[in-house]
Amino acid sequence: MSGNRLTKRDALDRTVLLIRRVLHLDESHADQIVQALSSISVCILADCKNLKCFAGQSCFVTFVQLVQAMGCQVKLVMPEVPLMGPQPPLIGDELRAALVAYGEDSMPESSIDLVDRISANDLVFVLGDSRLDGTTNAGWRLSGGTWWGATTTIHGGAPRWVGEFPVGAAVAAAIASVEPFKAAIRILKADLRLNLVASEQFDPTPAAQVDLAPGVVVPGHLLLGDVDVISAGAVSMAAMHCLLRCPDLVARFRVFDPDFVGVSNLNRAPLALLSLLGAPKVEAIAQWQRHPAVTIVGLQKRLDRTSAPQFGARAPSCLVGCDDIPTRWLVQEQMPRWVGIGSTADLFTLTSEHVSNIACARCLHREDDAFRDTVATVSFVSYWAGLLIAARLLRNAAGHPSSADQQALNLVPLRLDLPNAARWGRVARWNCCPICG
Ligand SMILES: [Zn+2]
């Protein structure tokens with residue numbers, strides 16, 4: 001930190017670390033990495049027709065947030081429209097004004113700027129079938145439905161956004177948000193003359209689609225009941241960011257986390273703001289409760305073997321977003337009806353769910369990796385992990401849980417158009433499992 005002034009470098013500390021790890025660079029390249037991210041100009045364009053539905057607004061907001069959290073320049077070409085529902089952490093009644101205000105309260109030394117047209121060097125992202133004035137070769141359209149999201153080339157067709165459900169909107173935003181990151185990697189690769197293994201992973205993705213629940217219809221009300229959320233870190237915040245956008249949700253959440261919002265969370269925690277620095281992380285989530293349908297109790301405590309008895313039984317559904325592996329075991333030992341776990345490592349996400357009679361969380365996470373170092377992170381990886389767990393929880397509530405063949409998903413979100421970017425599978429039962437063996 002430079003004096004008392006917060007810098008973009010402080011906020012991007014964990015993303016710098018991740019890029020250093022991926023490119024095998026030492027600390028001396030940190031400023032150059034921040035510069036590369038800052039040099040990426042992202043212009044996001046939407047018209048009234050695509051912004052007049054809640055799902056379109058959710059996609060737009062989520063994408064803006066994921067890009068802003070990487071320290072890129074964010075420019076918007078959009079009309080002012082009323083907010084059609086809650087878009088945490090945006091405040092206000094009008095979408096454009098709320099996004100500009102968010103720009104002042106998210107990444108230090110950054111803003112979100114309104115412009116009236118795209119520029120030559122922009123990466124351009126267009127919401128649905130919004131009309132694009134001007135031409136670009138570096139552009140994508142974002143589209144989606146209930147559970148699916150997609151990117152297509154800027155000149156390809158994309159449907160207009162309709163509907164309210166937030167999962168497909170978040171999927172489209174998450175797919176697209178990797179492009180500015182890869183553009184920064186390509187700049188570093190060229191400037192530093194790096195030879196990367198599997199460098200195609202950092203090439204642009206022309207088009208990609210992910211469907212998290214093909215054919216599943218969402219019932220009017222989604223009754224989640226009691227849900228314990230273990231950790232209020234980036235993965236849990238991402239899950240809540242999605243869940244809190246479900247219009248007809250009925251849920252009682254308890255969120256456990258002893259920590260406070262810090263500047264190094266701003267690169268990935270989608271409900272963290274500059275104005276919340278120093279506030280308990282659980283409060284950053286709990287402030288978005290909507291009485292009486294959605295209540296959120298923030299418990300500023302670590303859930304561990306010593307503290308667990310004071311909180312009584314685990315809720316029937318437990319959403320676990322913490323890095324600490326013994327905490328995952330502890331939750332599973334208490335045999336909630338449903339356990340969903342989201343984890344990340346560099347550019348990988350591993351998400352899974354566990355119910356009775358199939359392999360438990362301990363079968364999947366057998367050893368404590370005892371990893372206590374600073375974790376390297378970037379916005380879209382953490383967001384995918386949270387979103388994928390949220391989608392599993394919502395599928396359960398809709399009465400269409402994921403199949404056993406989809407119990408776990410290993411997803412690397414760089415090139416979702418390539419085979420093996422998403423690998424679904426069963427978790428193998430561990431014969432010696434201390435919990436379910
Ligand atoms: Zn087990």
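Predicted model: local features only at pLDDT ≥ 70, side-chain atom pairs only at ≥ 80, totals over all residues.
1. Let's start with a loop. Proline 292 sits in the stretch between α9 (281-286) and β10 (294-299).

2. Proline 89 belongs to the loop between β2 (73-77) and α6 (95-104).

3. Now for some backbone angles. Arginine 193 is not a glycine, yet its phi is positive, near 50°. You will find arginine 193 in the loop between α7 and β7. Is this residue buried or exposed? Arginine 193 is exposed, because 6 other C-beta atoms lie within 10 Å and 12 or fewer count as exposed.

4. Aspartate 346, also not a glycine, has a positive phi of about 50°. This aspartate lies in the loop between β12 (338-345) and β13 (348-354). With 14 other C-beta atoms within 10 Å, aspartate 346 is partly exposed.

5. Finally, step back to the whole chain. The domain assignment gives domain 1 (8-211) and domain 2 (222-425), and their C-alpha centres are 23 Å apart. Their contact involves 44 residues from domain 1 and 38 residues from domain 2. Which element gives the most to the side of domain 1 that touches domain 2? The answer is α7, with 10 residues. On that side of domain 1, 28 residues are nonpolar, eight are polar and eight are charged.

Methods: Residues numbered from 1 in each chain as written. Domains from an automatic or database assignment. Contact = placed C-beta atoms within 7 Å. Helix = DSSP H or I, 4+ residues; strand = E, 2+ residues; numbered from the N terminus. Nonpolar A, V, L, I, M, F, W, Y, C, P; charged D, E, K, R; others polar. Buried ≥ 20, exposed ≤ 12 C-beta atoms within 10 Å, placed from the backbone.
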